[in-house]
Amino acid sequence: MKNIIAVIGNANIDNDIEKQNFAFQIGKSIIDSGYILATGGLGGVMEFASKGAKSSKSYTQNSIIGILPDYHTENANEYVDLPISTGLGLTRNLILISLSNAVIAIGGGSGTLNEISAAWQMNKLIIALKTSGWSEKLQNQSLDSRRNDIIFGAENPEKAIQILNEKLPQYLKNKFTGVNKTRISQNKAEQIIISHFLLENHLQLLGRGSEGFVFTDNQFLYKLIDNDTNVLDLFWKLSALSETISKYENITAINNFSVHNLEKYLIVKTEFEKSNEFPLNQTIEKSKFIFLLKEFLKIGWVLTDFQPKNIRISKQNNLVVSDIGHSFYPFTNELFKSMCRRAFVTYKIQNKLTDFNSFKKYLSPVNTKIDFSLLTEFDFTIQELTTEFDDFYN
C-alpha cells in the first residue's frame, strides 16, 4: 500500500508566490516519490499542492484525496480525485491527519496549528517549510515532552522530501494507537507505592514526567510508571536489564534497581543516592561520556533517549543515567551508534544552552544518521565535527 502524505497550510495564498511554488513542488514530489497526497480539499496551499501532484509524470488516477469540511463535493478544488465530504467543519482536520502517515506544513494560521498539534499527539512525522506562518515558527521545535523528537524544519521542498524519505520508515514502526489512559493523581501514585512496599511514612515527590512519578523516602527512589499501553512488555524488558546489571561489578552508568509489576502500573525501585543535575554552565570532560558509553557496551544495552535531563553527576563525578524507563533496549550496532551520536552532540554543546528542552533540536537529527548541520550555529564546521566524532566513536 502507498503511504499517504498530508500537506497543510494557508487556505488563501493568492498574493504569495513563494507558498504557491512550495506547495506545487511539494505536491509534485509527493507523487514523484510514490506516495498519495491528502489535503483539506479546498484552495490555497491545498489547491496548489493538488495541482502539482496532478502534473507529476508518476500521477495515476485516485492519487489526490481531499477531506472536505462540508457535504458538498463540488466545493473541492478541480485537481482533487477523491473528494470526501464529511460535514464536520473543523473536525475534518483530525480526519485528514489521522489517515495520513506524515504531514508537511507550508505556512499556515490557526487551522494549520490545530492540525500540527493533532499530528504531534498522533506521533506523525511532521515537516515544516521555512515560509511565513506556523510552519516557520515551529521549525526544529517540540510541542511538549510527550515525544522525544521535533518538528523537522526544511528550507525548501527538496529538503522536505529528503527528510520525508529518510525518516518515514522509522515513524511507520510507531503508529498511533489511541489517546493514552488518564494519568493518575500524585496522591494515588504515592499511596500505591506506600501500600506495595508497606511503607510507614509519606514520600517526597521528586518529579513527574511523561512516564510517571518519582518519589523518595531518602533511602530509596521509587518511580511509578502509569503511562504505558503494554505494562507486561516493559516489565520483562526492564527485568532483563536489571538482571544484566546485577551480574557486573563496578558498573556506575546505571544503578542497580528492581522492577515490580502491579498489572496496571510498574514501580522501579533503586537506592537513593544524592547526585547533581547535569550542569549546563560548565564542561564535562569527553572521557566521562566515553566511559559511560563503554559501560553500556559492556553490559550489552543501549539508551535511545540520551539527553542531559536524563543524566546526573554522581558523588564520584561519573555520569549516571537517572531515569529508568522505556528508552532502554538490548544492544544493536545501529542503536548504539545513535546513542553515541547523541552523547557526542551533548558533549559538544553542553555549555552553550541554558535549558534542557533546547537540546532536542540538536539531538533529533542524529537519531538515524550523522547530521551535524545544526551544530554549525555554534561555529563548528561539518568537517571538524565528523572527524572528531569518528575519533569519539572509535
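Biologist: Which residue of β9 stands opposite Leu205?
Modeller: Start with the terms. Strands (E, at least two residues) and helices (H or I, at least four) are DSSP runs, numbered from the N terminus. Two strands pair if DSSP finds at least two bridges between them. Here, Leu205 stands opposite Phe215 in β9. This is a predicted model, where local features need pLDDT of at least 70, side-chain atom pairs count only at pLDDT 80 or more, and totals for chains, interfaces and linings use all residues. Residues are numbered from 1 along each chain as its sequence is written, and side-chain values use heavy atoms, with hydrogens and water left out.

Biologist: How many bridges join β8 to β9?
Modeller: Four bridges join β8 (residues 204–208) to β9. The two strands run antiparallel. They form a hairpin, with three residues between them.

Biologist: What is the bridge partner of Gly212 in β10?
Modeller: Gly212 pairs with Ile225 in β10. Five bridges join β9 to β10 (residues 220–225), again antiparallel. β9 and β10 also form a hairpin with three residues between them.

Biologist: How many residues of β9 are buried?
Modeller: Judge this by relative accessible area: buried is under 20%, exposed is over 50%, and partly exposed is in between (1.4 Å probe, protein chains only). In β9 (residues 212–216), four of the five residues are buried. The strand is mostly covered.

Biologist: Is Asn218 buried or exposed?
Modeller: Asn218 is exposed, with a relative accessible area of 55%. It lies in the loop between β9 and β10. Check its backbone too: phi is positive, about 70 degrees, although Asn218 is not a glycine.

Biologist: Where does Asn62 lie?
Modeller: Asn62 lies in the loop between α2 (45–55) and β3 (64–68). Its phi is near 70 degrees, a positive value in a residue other than glycine. Asn62 is partly exposed, with a relative accessible area of 39%.

Biologist: Which side chains make polar contacts with the side chain of Asp149?
Modeller: A polar contact is a pair of N or O atoms within 3.5 Å; within protein, one must be able to donate a hydrogen and the other to accept it, and residues adjacent in sequence count only if both atoms are side-chain atoms. The Asp149 side chain reaches that of Arg147 at 2.7 Å. It also joins the side chain of Tyr171 at 2.4 Å. Asp149 sits in the loop between α5 (134–137) and β7. Asp149 is buried, since its relative accessible area is 9%.

Biologist: What does Glu155 touch, not counting residues up to four places away in sequence?
Modeller: Contact means heavy atoms within 4.5 Å. On that count, Glu155 touches Phe22, Leu129 and Lys130. Glu155 lies in the loop between β7 and α6. Glu155 is exposed, with a relative accessible area of 52%.

Biologist: How many residues line the second largest pocket?
Modeller: On a 1 Å grid over the protein atoms alone, a pocket is an open set of points where a 1.4 Å probe fits, with protein on both sides within 12 Å along at least five of seven lines; lining residues have an atom within 4 Å of a point. Here 16 residues line the second largest pocket. Asn140, Gly153, Lys159, Ser373 and Leu374 lie nearest its centre. The elements giving two or more residues to this lining are β7 (152–154) and α6 (157–172). α6 gives the most, with four residues.
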